[in-house]
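Let us read a structure together, one feature at a time. Have the sequence and the model open.

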Amino acid sequence: MSRQPRAFFALDFGSATTSAALVGHAGGRWRLLAHSAAPSTTDLDALLFGILDRVEHADSELLEFVSARERPNTAALVADLARLESRSTPPRRIAVLAGSKRQRRRLEEVAARAGWLVVGGSADVSDPLELSRLVLAWDTHAVLLGADSTPGGDEKRHLPMLGALVAAAARRRPELAVVLAGGAAIQESDFHGAGEHDRIPEVVKVVEPVAETAAEPEGDTGEEAAADAAAEGAAKDADAAVGDQPADIATADAAAPAAPVDAAPAPEPPPAPAQEREFTAPIEAPPTDRHDSVLLAPDAESGQPAGSALQQVLEGLRARSDDTRLGIARSVRSLALLLDKSIEAIEVGIDGGLRCRAEPFGPGHRNIVSSHVTMAGGSFTPEDLTDEIIDAVLSWSTIAFDRYRLSDRLRDLRSSPWGEADGEGALLRLAAAKAAVERLVAATPEISAREMPDILIAAGGVWSSTPPSVVALAMADLVRRPGVGRLACDQARLLGPLGAIADEDERRKMLKDLVGDVLLPLGSLVLPAGIRQGRSAGRMRVTGDTANSDIDLQPGGIWAVELQPGQTATADMEFKDAVRLGARGRRFSVEVSGGLGGLFVDLRDIPLRLPDRADQKRATWESWQRAMWTEIDE
Amino acid sequence: MSPRKRAGASTEARAEARFVQPEFARVPARRILVVSPTVQIRLGPGDRALVSAGQKVNPGMPIAERTCDAEFIDVGRLNRPANGSGHENGPARPIDPGQERRRPPQPGKWWVGGDDRRGKTARRETPRRVAGTLLYEMDGRWTAAAGDRHEKVESPTSGVVVEAENCIGITMKVNGVAIPAAVAGGQPTRGYLDVPRLVDGELRDTTLDVGRSGAIVVAGGRVSAEMLTRARAMSIRGMVAGSLGQAELRDLAASEARQRAGLHTTPPFGALGLDGHQRRPIASPILALLAALAGREVAILIDPPLLVLDVVDVPLPELPPDWVRVRNGVHAGREGRWLSSAGLHRFRAGIHLEAANIRLGDDLQPTVIALADLERFIL
């Protein structure tokens with residue numbers, strides 16, 4: 001018997017919540033043995049001790065087996081077991097400067113999609129003093145100066161001034177990271193030509209594509225494959241080459257440290273299939289606190305989708321190598337390959353949010369098309385709490401608030417994210433989370449344009465205390481695309497830590513064992529589009545091993561049919577008029593699987609139509625919510 | 001609760017807390033005092049630091065000079081002094097006017113407009129004398145953020161300067177201890193601590209009169225916008241309350257902006273919310289500490305929000321080791337004693353949370369409260 005423990009802790013250090021899970025190798029595979037979450041202020045050892053204690057009480061033999069010790073001392077195990085960790089990157093602010101308002105907006109959008117808190121100014125609107133204030137502000141960590149690859153007259157004339165201004169600021173603040181994007185790279189000389197006593201920053205060019213890809217023709221990234229297919233025959237210029245770089249997780253892939261899970265006796269990984277792609281080296285930016293360098297980056301239009309190349313550079317600059325959100329994106333990508341399904345994940349936290357999607361390039365294909373966006377504005381209570389954000393929360397709220405009171409409550413929620421999680425606090429949290437998801441959805445039109453994913457995952461601490469049926473309803477409210485999909489929740493918050501495993505094969509192998517434990521099934525969602533209002537739309541019959549239901553499909557409503565986790569059923573639908581449910585037709589028969597919430601049949605409009613008056617809107621939300629949250633009046 | 005201990009007894013207090021149940025350790029801890037915190041005074045383009053790293057500062061000592069009406073100015077070409085030492089970016093910069101002048105022009109260097117740079121002068125007008133900081137050089141021509149109205153920023157507390165940079169800010173390590181707060185508005189300020197009589201934990205508007213001029217007043221659970229306006233009018237230096245709403249902070253910021261625009265500025269005024277934005281009474285251990293310090297000089301700092309006590313020897317309140325306070329929810333602000341862990345408890349709306357049985361005040365029956373809604377105090 002090996003003396004090495006066959007277990008490890010998977011730890012997700014969020015800004016508000018520390019989540020810990022004990023994963024052990026038992027019965028021939030890795031299993032989630034126990035998990036717990038607590039406010040990030042809680043002592044970690046106490047949390048881990050509590051987990052081990054629970055396992056010991058429930059099944060002491062199991063703990064002995066995975067710890068490879070007789071009568072294991074839980075206190076010693078807390079210290080000895082390997083830890084696989086991921087952490088939320090604290091929010092950082094970038095000052096976006098451009099010659100024109102048009103360019104500034106584009107750059108701001110890309111920077112926001114890379115997870116930065118953004119302040120911006122353009123030389124055609126603001127005077128140099130105002131722009132200097134942005135750059136020299138204490139809480140500004142980086143500066144992005146950008147222009148089109150061939151700057152137009154409106155921005156070209158401002159570039160020398162902006163270059164001089166940023167170079168002067170970089171001399172005053174050596175810790176400031178500077179990114180020159182697109183045509184602004186011409187100002188690179190400003191960072192060399194200062195006086196004899198000035199520090200000369202190193203210029204790092206990150207626009208060149210990585211040559212490794214060419215050596216592996218079979219190993220194209222999913223984005224490459226997609227871009228190649230989409231742009232077949234199109235002329236490729238230098239910028240397009242940049243755009244062909246993996247637009248999602250490559251930066252963090254290679255930057256991820258050797259995971260401590262290596263210490264655990266993971267089975268030998270199987271040989272990689274011949275078609276399976278090798279991961280290319282990333283476009284990498286130094287994620288350090290002190291940036292004695294100027295990064296030359298692609299412009300805001302490069303990449304597929306537009307801006308993804310610059311987004312990748314900015315993300316590498318901002319995020320830690322073991323960033324939780326990037327870890328989730330990596331895990332989702334591995335899961336998509338593993339399950340051969342399209343998977344979408346939406347994560348909402350206190351410091352930001354993530355929306356990512358990964359899907360096989362084609363049926364049975366080993367290439368994965370993936371994209372992701374991390375946004376500081378995806379937080380359920382963003383640091384920059386604007387009137388628009390307050391309005392958005394109000395529009396999702398089932399409680400009447402005045403604006404100042406809501407503002408105070410959201411700010412206090414930020415300082416005490418675990419506070420008042422019950423009663424009215426739970427409703428507020430749900431409204432804030434929905435508003436955050438709405439912002440993420442609005443910022444990712446390229447993902448919204450895709451079909452309903454096979455699996456939709458809700459992740460993040462904000463969902464952890466919410467009833468599963470309410471989480472499912474929130475997903476149905478926000479991700480409105482016709483089709484049939486499964487809903488799941490990353491309850492144990494394992495996707496982030498598992499994404500910290502640097503080796504793709506090892507990560508996939510771990511996920512293969514753990515997939516049933518990682519994804520807590522919430523149920524299935526049936527969401528047809530094109531239903532006419534005012535009369536019965538048809539009937540649905542659900543036939544399963546234990547559940548049989550016959551439902552009259554009334555337009556405008558949402559129903560939950562009981563279907564337990566692990567159960568599958570066939571839903572036969574017959575509509576009076578042709579509707580869209582993936583394809584267009586009147587009769588559909590789909591396989592659905594159960595979950596904690598059951599099967600959800602959503603016949604509401606796509607997009608949702610809501611009354612204009614605030615009180616009527618609240619009443620509408622409440623009627624839908626009450627159907628799924630019967631305990632709400634307790 | 002009597003204020004008898006001293007700050008040095010904090011270790012003892014922590015040891016005392018260990019005898020309670022391990023679940024008690026999962027209650028979020030709130031530190032009543034922090035020792036020698038690091039604070040920041042932010043500066044912008046046009047502002048200069050009058051101190052340098054390593055320098056000791058005392059309350060009231062000028063540490064920075066702000067340019068109130070800073071505007072963008074095209075300075076033109078500047079000659080490099082023949083004997084300029086040049087090390088502009090060095091950590092230590094003794095403020096010697098002669099040496100300052102001898103430095104070559106650099107971004108951030110203090111600049112005083114010459115005869116030809118004093119602004120447009122009509123024939124009968126007195127020439128404007130402008131000063132500020134250099135911003136950047138382009139094609140050999142320098143630009144500056146400068147103006148003709150300047151105000152000195154006085155140090156609100158004593159400490160040692162860690163870093164000081166023109167246009168950026170001053171970082172200072174404060175001497176003594178401070179009470180951390182959740183939210184702050186206004187400007188760093190200093191005054192004597194005044195703890196008036198509170199009615200139901202609140203301060204009446206009429207309590208604020210001119211007799212409290214120069215004081216930092218403890219204002220109970222919440223401070224209203226009217227109260228802040230009245231306090232400023234009475235030359236009160238600051239207010240400390242349990243909470244500070246966003247509406248009041250906006251009003252205060254607008255008031256600050258109006259003051260800055262005026263020719264005759266008033267003394268700096270600051271406001272602190274110890275718990276956050278929603279109304280809550282001041283926690284009794286902190287109120288006891290403030291009452292014990294009444295009459296002593298204290299300072300309000302904004303970044304981070306702190307009430308600085310300047311001294312290390314502080315009479316600490318004596319706390320029962322199982323003393324907790326409800327931070328959120330329907331019982332917010334109430335205090336009591338930890339009885340036992342209640343495990344996973346079903347709360348309103350069917351939410352399951354880790355909870356504890358707490359005896360609140362003089363209640364006969366214990367109340368089940370979520371652990372995350374509680375806070376315990378550490379000294």
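Predicted model: local features only at pLDDT ≥ 70, side-chain atom pairs only at ≥ 80, totals over all residues.

Q: What percentage of chain B counts as buried?
A: A residue is buried if 20 or more other C-beta atoms lie within 10 Å of its own, exposed if 12 or fewer, and partly exposed in between; the C-beta atoms are placed from the backbone. In chain B, 45% of the 379 residues count as buried.

Q: How many residues of chain B are in contact with chain A?
A: Two residues are in contact if their C-beta atoms, placed from the backbone, lie within 7 Å. By that rule, 48 residues of chain B are in contact with 43 residues of chain A. On the chain B side, the elements giving two or more residues are β4 (38–42), β8 (71–76), β10 (131–138), β11 (141–147) and α4 (246–261) of chain B. The largest share, four residues, comes from β10(B).

Q: Which residue classes make up the side of chain B that touches chain A?
A: Ala, Val, Leu, Ile, Met, Phe, Trp, Tyr, Cys and Pro count as nonpolar; Asp, Glu, Lys and Arg count as charged; the others, Gly among them, count as polar. That side of chain B has 23 nonpolar, 16 polar and nine charged residues.

Q: In what order do the nine strands of the open sheet in chain B lie?
A: Strands of a sheet pair through backbone hydrogen bonds, either parallel or antiparallel. Here two strands pair if DSSP finds at least two bridges between them. The order in chain B is β3-β15-β22-β21-β17-β18-β19-β20-β16, with mixed pairing. β3 (34–35) and β16 (183–186) of chain B stand at the edges with a single partner strand each, so one side of each has no neighbour in the sheet.

Q: Which helix packs on that sheet?
A: Axes are lines fitted to C-alpha atoms, for helices over the stretch in contact, and angles run from 0 to 180 degrees between N-to-C directions. α4(B) packs on the sheet and touches β16 and β20 (270–276) of chain B. The direction of α4(B) makes about 30 degrees with that of β16(B).

Q: How do β21 and β22 of chain B run?
A: β21 (residues 297–301) and β22 (residues 306–308) of chain B run antiparallel, joined by three bridges. B:Ile300 stands opposite B:Leu307 in β22(B).

Q: Which domains does the assignment give for chain A?
A: Domain bounds come from an automatic or database domain assignment. For chain A it gives domain 1 (7–80), domain 2 (93–245 + 283–322) and domain 3 (327–633).

Q: How many residues of domain 1 of chain A are in contact with domain 3 of chain A?
A: 17 residues of domain 1 of chain A are in contact with 17 residues of domain 3 of chain A. On the domain 1 side, β1 (7–13), β2 (17–26) and β3 (29–39) of chain A each give two or more residues. β3(A) gives the most, with seven residues.

Q: How do β2(A) and β3(A) pair?
A: β2(A) and β3(A) pair in the antiparallel sense over 10 bridges. They form a hairpin with two residues between them, and A:Gly27 in the turn has a positive phi of about 65 degrees. A:Thr17 stands opposite A:Pro39 in β3(A).

Q: At what angle do α14 and α15 of chain A pack?
A: Angles under 35 degrees count as roughly parallel, over 145 as roughly antiparallel, 65 to 115 as roughly perpendicular and the rest as oblique. α14 (residues 387–396) and α15 (residues 403–415) of chain A pack at about 100 degrees, with their axes 10 Å apart. That makes α14(A) roughly perpendicular to α15(A). Among the residues making the contact are A:Ile390 of α14(A) and A:Leu406 of α15(A).

Q: Is A:Leu162 buried or exposed?
A: A:Leu162 counts as buried, with 29 C-beta neighbours inside 10 Å. A:Leu162 is in helix α7 (residues 159–172) of chain A.

Key
Residues numbered from 1 in each chain as written. Chains lettered and ligands numbered in written order.
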